[in-house]
Amino acid sequence: MELFLSISQTRNFSETARRFGISATGVSRMITEIEEELKVKLLLRSTRQVALTESGQEYARQLEGILWSINELQANITAISSAPQGLLRVHSRVMFGLGVLPALLAEFRKRYPDIHIELTLTEAAVDLRRNQFDIDFRISPPVEAGVKRRMLFQSERYLAAAPAYLARKPPLTGPESILEHDCLAYELPGNQYCWLFKEEERLTEIAFKPRHVSNNGIALLELARLGEGLVLLDDYTVHNDLRQGTLVRVLPQFRISNKGFDEGMYATILDTPIIPAKIRLFLDFVAEHVAGPELRFSAHGKAAGLSVTPAA
């Protein structure tokens, strides 16, 4: 199966033979045995190239997941009987990754020095298996098959602006009044920008032309601080600015979003029979410090001085 998957990727018997340290003839013979056992043609061979039949393409597609699961199972069983160690690849949205995770990583390393974390921050969606991440911290619940989630907290989005900006603009009395204001928008697919306003069961959608657009929440937050307009960001992101008075929340009687109202922070992992110890330990550690309605505010932007007792 590994030989066939390699050929499906390289389309080359000789390259596969080099990978596995056997002869090209041996590779060809083993593939023939697979085809005879399955009673189906998997490859179309010529002197110049190797192509997959439709059956071969489907076989390769399913083999990728099967072989990955076998390797993971072997690694997980080995990990149970050994101390937590190894590389943990973590992906996160930028705001949560910058505001919360660095302090937690520093303290986690003190507890588990043999677990090494590789942190990647992007706004893009990732495929855990294809992109080879162990954990993905995302703001929307996962919808793809083969993954499971752990909800750390549910959040709201606040509409906010700098006091100096609000002082020179008309008062905000309802959703339609944002059309008299400069709006700072997060870049989403499509060329139309709108915010959703929900009051009890009434939903109002307002389309607007933004003053500035960015794919980065930090940039939008800084623009709002500079008095460039209204910004819609997660409550834990603007919490400190609201407390310090650098930003003011507006239209608090409405729940406001640019996508939906089920957002928060979800730790997403692959749905495997056994969760590797390094993943389980890190998820428990993060949840210990950020899970729940109050911790999400205190954790964001906290310096790396958490009160954590090292494990015995």
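1. Buried means under 20% relative accessible area, exposed means over 50%, and partly exposed lies in between (1.4 Å probe, protein chains only). This is a predicted model, in which local features need pLDDT of at least 70, side-chain atom pairs count only at pLDDT 80 or more, and totals for chains, interfaces and linings use all residues. Residues are numbered from 1 along each chain as its sequence is written, and side-chain values use heavy atoms, with hydrogens and water left out.

2. The UniProt record, an unreviewed entry, places "domain: HTH lysR-type" at residues 1-53. UniProt positions follow the numbering used here, feature names are shortened, and annotations may be inferred rather than shown by experiment. Residues 1-53 are 60% helix and 11% strand. The end C-alpha atoms of this stretch lie 16 Å apart. Helices (H or I, at least four residues) and strands (E, at least two) are DSSP runs, numbered from the N terminus.

3. The five-stranded sheet. The sheet is open, with strand order E4-E3-E5-E15-E6 and mixed pairing. Two strands pair if DSSP finds at least two bridges between them. E4 and strand E6 (147-154) are the edges; each has a single partner strand, so one side of each lacks a neighbour in the sheet. From one strand to the next, the twist averages 20 degrees. Axes are lines fitted to C-alpha atoms, for helices over the stretch in contact, and angles run from 0 to 180 degrees between N-to-C directions.

4. E6 runs antiparallel to strand E15 (residues 264-270), and seven bridges join them. Gln-154 stands opposite Gly-264 of E15. Helix H10 (residues 277-290) packs on the sheet and touches E3, E4, E5, E6 and E15. Contact here means heavy atoms within 4.5 Å. The direction of H10 makes about 15 degrees with that of E6.

5. Strand E8. Which way do the side chains of E8 (residues 183-186) point? Cys-183 and Ala-185 point one way, Leu-184 and Tyr-186 the other, and all are buried. E8 pairs with two strands named here. With strand E12 (residues 230-234) the sense is parallel, over two bridges; Leu-230 is the bridge partner of Cys-183. With strand E11 (residues 212-214) E8 also runs parallel, joined by three bridges. There, Tyr-186 has Ser-214 as its bridge partner.

6. Salt bridges. A salt bridge is a side-chain nitrogen of Lys or Arg within 4 Å of a carboxyl oxygen of Asp or Glu. The count comes to 18. One of them joins Glu-118 and Arg-89 at 2.8 Å, N to O. This pair links distant parts of the chain, 29 residues apart: Glu-118 in strand E4 (residues 115-121) and Arg-89 in strand E3 (residues 86-92). Glu-118 is partly exposed at 34% relative accessibility, while Arg-89 is buried at 18%.

7. Another pair is Glu-144 with Arg-138, the closest N and O atoms being 3.2 Å apart. Glu-144 is partly exposed, at 33%. Arg-138 is buried, at 13%.

8. Asp-234 forms a salt bridge with Arg-157, the closest N and O atoms lying 3.4 Å apart. Asp-234 is in strand E12 and Arg-157 in strand E7 (residues 157-161), 77 residues apart. Both are buried: Asp-234 at 8%, Arg-157 at 11%. A network of salt bridges links Arg-157, Asp-234, Lys-259 and Glu-263.
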